[in-house]
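Q: Hi, I'm new to this one. Could you show me the structure and then walk me through it?

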Amino acid sequence: MSTFDLARLEAIIMERARSGGAESWTAQLFAAGMEKAAKKLGEEAVETVIAAVAEDKKALTSESADLLYHWLVVLAIAGVRLNEVMAELEARTARSGIEEKASRGKPPHQAAG
Ligand SMILES: N=c1c2ncn([C@@H]3O[C@H](COP(=O)(O)OP(=O)(O)OP(=O)(O)O)[C@@H](O)[C@H]3O)c2ncn1[C@@H]1O[C@H](COP(=O)(O)O)[C@@H](O)[C@H]1O
């Protein structure tokens, strides 16, 4: 199982945006700006949808990686931190009470924490 996560990829993207050379795709996207980066994000989203509909798990995995990378680049160019998106998701989860409901369904020793 991989221990890689989106926060680490975000940190790599920030570093490449600051100091990536001409060979860095991240630096190229930052130099080109939001329109180009958002267009790539849209393309990767479509490719992900196509892989999902085709039930092609290998392509879905690969396109999902492209999608998440380009999504993080778009967030970074916009000045939105991954943490802000996570906070939004967390707030929605808290509002729905889904975690509380799930922990109520668990045996007591698992429900705590
Ligand atoms: N995860 C990615 C990642 N996913 C996709 N891509 C690049 O995204 C670009 C566009 O992908 P496409 O599938 O569209 O390929 P394409 O050849 O451009 O296809 P067309 O659009 O031309 O049809 C390619 O150059 C891919 O290499 C990525 N580039 C970088 N990363 C991560 O960012 C880090 C820094 O990369 P650099 O900035 O390039 O040093 C890497 O170590 C990775 O962790």
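This is a predicted model: local features need pLDDT of at least 70, side-chain atom pairs count only at pLDDT 80 or more; totals for chains, interfaces and linings use all residues.

Q: Okay, which residues are around the ligand?

A: The residues around the ligand are L9, I12, R16, G20, S24, W25, T26, A27, D66 and Y69. The elements that contribute two or more residues to this shell are α1 (6-19), α2 (25-32) and α4 (57-78).

Q: And how do the residues of that shell divide into nonpolar, polar and charged?

A: Five residues of the shell around the ligand are nonpolar, three are polar and two are charged.

Q: Switching to the helices, at what angle do α3 and α4 pack?

A: Helix α3, which covers residues 34-53, packs against α4 at about 155°, and their axes are 8 Å apart. The two helices are therefore roughly antiparallel to each other, and α3 passes α4 in a left-handed crossing.

Q: Which residues meet there?

A: From α3, the residues include M34, L41, E44 and A52, and they meet a set in α4 that includes L60, D66, W71 and A78. The contact of α3 with α4 divides into 15 nonpolar, three polar and five charged residues.

Q: What about α1 and α4, what is their angle?

A: α1 and α4 pack at about 55°, with axes 10 Å apart, and that makes α1 oblique to α4. The contact is made by L6, L9, E10, I13, M14 and A17 of α1 together with L68, Y69, L72, V73 and A76 of α4. By class, this contact of α1 with α4 has 10 nonpolar residues, no polar ones and one charged.

Technical notes:
Residues are numbered from 1 along each chain as its sequence is written. A residue is near a molecule or strand if its C-beta atom, placed from the backbone, lies within 6 Å of it. Helices (H or I, at least four residues) and strands (E, at least two) are DSSP runs, numbered from the N terminus. Ala, Val, Leu, Ile, Met, Phe, Trp, Tyr, Cys and Pro count as nonpolar, Asp, Glu, Lys and Arg as charged, and the others, Gly among them, as polar. Axes are lines fitted to C-alpha atoms, for helices over the stretch in contact, and angles run from 0 to 180 degrees between N-to-C directions. Angles under 35 degrees count as roughly parallel, over 145 as roughly antiparallel, 65 to 115 as roughly perpendicular and the rest as oblique. A crossing is left-handed if the near helix is turned anticlockwise from the far one by less than a right angle, and right-handed if clockwise. Two residues are in contact if their C-beta atoms, placed from the backbone, lie within 7 Å.
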